[in-house]
Amino acid sequence: MTGPRLGFFTRLLEEASAADRYRFALEQIEQAERSGFASAWVAQHHFGEHEGGLPSPFVLLAAAAERTSRIGLGTAVVTLPIDDPLRVAEDAVVLDQLSDGRVQLGLATGGTPSSFAAFGRDSDRRREILADHVEVLLDALEGRGIRGTSSRIYPAAGDLGERVWQATLSVDGGRRAGERGDGLLLSRTQPRPADAPDAPLHDLQLPIIAAYRDALPDGAPVRVLASRTALVVDPENRTRALELADAGLRQLARTMFGLDTDGLSIDELARITDTHVGTVDEVVASLGADQTLAAATDVSFQVHSVAATHELTLRSLQLLADEVAPRLGLSTGPEAADALRHAHRPLVTARPGDTPREIS
């Protein structure tokens with residue numbers, strides 16, 4: 001298959017203890033690898049169990065590395081303005097060594113302003129701080145002296161600095177990611193402009209991808225990951241899945257879109273929040289209308305904001321890989337995982353009739 005590589009993403013939001021959330025995440029990553037997913041991504045959130053359950057993504061991914069052998073291990077994202085960029089570099093490099101080079105390093109400014117004060121950071125300066133921290137991070141990953149010193153990280157990072165991804169909701173953000181040759185991380189949903197409240201998600205995201213592609217340096221490979229919410233269930237579990245989706249989608253519609261959700265059906269909520277929930281046929285149909293996927297190199301699926309059980313999540317991973325992916329042309333299996341490991345490598349410009357090849 002030549003379509004986007006299939007990925008899994010989790011924010012660790014099950015109604016369970018922290019220990020069980022971490023166990024569930026590891027079991028889900030193991031299932032994703034067995035099912036042929038190319039990548040597994042985890043989010044970093046601080047100070048609360050309702051936005052996300054994982055403040056230390058590298059710790060969990062190190063455990064995942066011990067349980068797996070092939071699947072890519074990604075952060076989506078590290079909130080770099082409130083982390084020490086040198087420690088991020090060191091932790092990422094150690095994880096890369098433990099996982100035999102499977103790390104994909106996603107970064108962002110962070111979407112929870114209330115988290116900044118406890119780290120002694122000013123949320124209003126997060127873009128400025130991000131720029132400063134990215135510079136330190138890249139100096140560390142690329143083997144330069146850090147903060148004006150001769151200190152260099154150990155172990156050396158190899159090409160990990162080329163496996164950086166930036167998350168954004170804007171065209172300007174896409175351009176910035178492209179200018180540096182980074183990968184581009186796109187959200188599962190995002191607010192619509194006031195003049196187009198019913199615009200499909202791809203109307204917002206295709207211009208971001210276009211700006212990203214236009215800004216890429218010559219020879220830089222395109223790396224675009226589109227995150228999407230999907231819970232795929234067997235027909236006998238369809239009613240239960242919709243019931244589990246209702247409260248979370250109403251909350252998301254109220255908070256992100258500012259809507260009064262009284263009277264809205266679950267189908268309307270799913271459309272508004274860009275959620276794909278239901279049987280294989282239903283999810284294939286709704287995802288098939290999403291034009292962003294055709295422009296992406298990778299797509300990662302999470303169940304949130306659906307309050308899915310661990311068991312339903314595991315089954316959804318199986319159905320996504322075995323039944324949804326083939327019908328949508330998504331790439332799975334060892335070849336897809338290996339392709340992601342090398343996706344950052346620049347391409348030699350091909351002559352007419354040649355096949356583009358990587359610079360090794």
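Here is a short chat about the second largest pocket of this predicted model and about Asp-274.

Colleague: How much space lies in the second largest pocket?

Modeller: Rolling a probe the size of a water molecule over the atoms shows where empty space is left. For the second largest pocket, that space comes to about 580 Å³.

Colleague: Which helix gives the largest share of its lining?

Modeller: Several elements supply at least two residues each, among them α6 (201-215), α7 (238-257) and α9 (280-288). The strand β8 (275-278) is on that list too. The largest share, five residues, comes from α8.

Colleague: And how do the lining residues divide into nonpolar, polar and charged?

Modeller: There are 29 residues lining the pocket, and Ala-270, Arg-271, Ile-272, Asp-274 and Thr-275 are the closest to its centre. By type, the lining divides into 16 nonpolar, four polar and nine charged.

Colleague: Let's take Asp-274: is it buried or exposed?

Modeller: Asp-274 sits in the loop between α8 and β8. Its relative accessible area is 11%. The cut-off for that label is under 20%, so Asp-274 counts as buried.

Colleague: Which side chain joins that of Asp-274 in a polar contact of 2.5 Å?

Modeller: Leaving out residues up to four places away in sequence, Asp-274 touches Arg-188, Thr-189, Gln-190, Arg-192, Leu-201 and Thr-229. Its side chain makes a polar contact with the side chain of Arg-192 at 2.8 Å. The polar contact of 2.5 Å is with the side chain of Thr-189.

Terms used:
Residues are numbered from 1 along each chain as its sequence is written. This is a predicted model: local features need pLDDT of at least 70, side-chain atom pairs count only at pLDDT 80 or more; totals for chains, interfaces and linings use all residues. Side-chain values use heavy atoms; hydrogens and water are left out. On a 1 Å grid over the protein atoms alone, a cavity is a set of points where a 1.4 Å probe fits but cannot get out, and a pocket is an open set with protein on both sides within 12 Å along at least five of seven lines; lining residues have an atom within 4 Å of a point. Grid points are joined across faces, edges and corners, and a volume is the space filled by probe spheres set on the points. Helices (H or I, at least four residues) and strands (E, at least two) are DSSP runs, numbered from the N terminus. Ala, Val, Leu, Ile, Met, Phe, Trp, Tyr, Cys and Pro count as nonpolar, Asp, Glu, Lys and Arg as charged, and the others, Gly among them, as polar. Buried means under 20% relative accessible area, exposed over 50%, partly exposed in between (1.4 Å probe, protein chains only). A polar contact is a pair of N or O atoms within 3.5 Å; within protein, one must be able to donate a hydrogen and the other to accept it, and residues adjacent in sequence count only if both atoms are side-chain atoms. Contact means heavy atoms within 4.5 Å.
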